[in-house]
Amino acid sequence: MLAKRIIPCLDVRDGRVVKGVNFVNLRDAGDPVENAIFYDAEGADELTFLDITASHEKRKIILDVVERTAAEVFIPVTVGGGINTLSDISDLLNAGCDKVSINTAAVKTPGFIKEASERFGSQCIVVAIDAKRSVGAAGELPDWLTSDVNLHGLSLNAGSGAEGENRFEVYTHGGRKARGIDALKWAKYMEELGAGEILLTSMDKDGTKSGYDIELNRAISEGVGIPVIASGGAGTLEHLYDALEYGKADAVLAASIFHFREYSIKEAKMFLDSKGITMRL
């Protein structure tokens, strides 16, 4: 059985690590490279940098962070935020990251995922899905997206479902824009286009420390054949276990519980190992 992974997430804003609740109310959590070095020494399996103020003009900030991190740590590093072109991916990979995480650009131009996976390999293309529990009728999909998915025989509308049935809708632009797209169907479509991994964030749970959305993670994990990283809601070591055991995730991504030293990576791994989860110790 493949070992499960623990991945600290560092949200980077203007060169500093920050952390918020439900994508807002950000507070400073230190220097990203110093954090990366610390987590490497602690035994983290991977690191993820999310450049939450990414733009073409500010791209050099995260490139510098990646270059300095790559010179100091030896675990895989993923970078996401504002990645819109093959050139963006090439620049980040050349700076030293191992994988890129793509969200908004995938919805805007799904074919970008296919192009990226063909150019760089699916192993380094992570599709980030920000999902939220929704009620009511689904919105209309843009014409360009409708025609694109029709080519693959899929229907992505996030229908209202049966009474009492939960559904999950895809959001983009840092969780600010609802897209009317069913998260499970979207994950399957991204896998079909060449994504090698799904980074799945529950917007309802992000930063709340109340536990991962187990239903969401289980639905996506059981629905695709590629690894799923659970994100959003870690507050205790039991939450990590629940996401891996009951949510069927392949990895857990967490921020607050590690950034503010509530738990160490070693503590987390020892706890999970004691519960029968296969870990790299």
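This is a predicted model: local features need pLDDT of at least 70, side-chain atom pairs count only at pLDDT 80 or more; totals for chains, interfaces and linings use all residues.
A residue counts as buried when its relative accessible area is under 20%.

The disulfide count is zero. A disulfide is a covalent bond between the sulfur atoms of two cysteines. The cut-off for such a pair is 2.5 Å between sulfur atoms. For Cys-97, the closest cysteine sulfur belongs to Cys-124 and lies 7.9 Å away, so the pair is too far apart for a bond.

Tyr-212 sits in the loop that links strand 10 (197–202) to helix 8 (214–223). Its relative accessible area is 5%, so Tyr-212 is buried. A polar atom of the Tyr-212 side chain lies 3.0 Å from the backbone oxygen of Leu-253. Ala-243 is 31 residues from Tyr-212 in sequence, yet the two C-alpha atoms are 6.3 Å apart in space.

At its start, a side-chain oxygen of Asp-213 comes within 3.3 Å of the backbone nitrogen of Glu-215. The buried residues of helix 8 are Leu-216, Asn-217, Ile-220 and Ser-221. Viewed down the helix axis, these residues fall within an arc of 120°, and therefore line one face of helix 8. An α-helix has 3.6 residues a turn, so residues three or four places apart point the same way. The buried residues of helix 8 pack against strand 7 (125–133), strand 8 (168–172) and strand 11 (228–231). They also pack against helix 7 (183–193) and strand 10.

Notes. Residues are numbered from 1 along each chain as its sequence is written. Side-chain values use heavy atoms; hydrogens and water are left out. Helices (H or I, at least four residues) and strands (E, at least two) are DSSP runs, numbered from the N terminus. Buried means under 20% relative accessible area, exposed over 50%, partly exposed in between (1.4 Å probe, protein chains only). A polar contact is a pair of N or O atoms within 3.5 Å; within protein, one must be able to donate a hydrogen and the other to accept it, and residues adjacent in sequence count only if both atoms are side-chain atoms. The arc is that of the directions from the helix axis to the C-beta atoms. Contact means heavy atoms within 4.5 Å.
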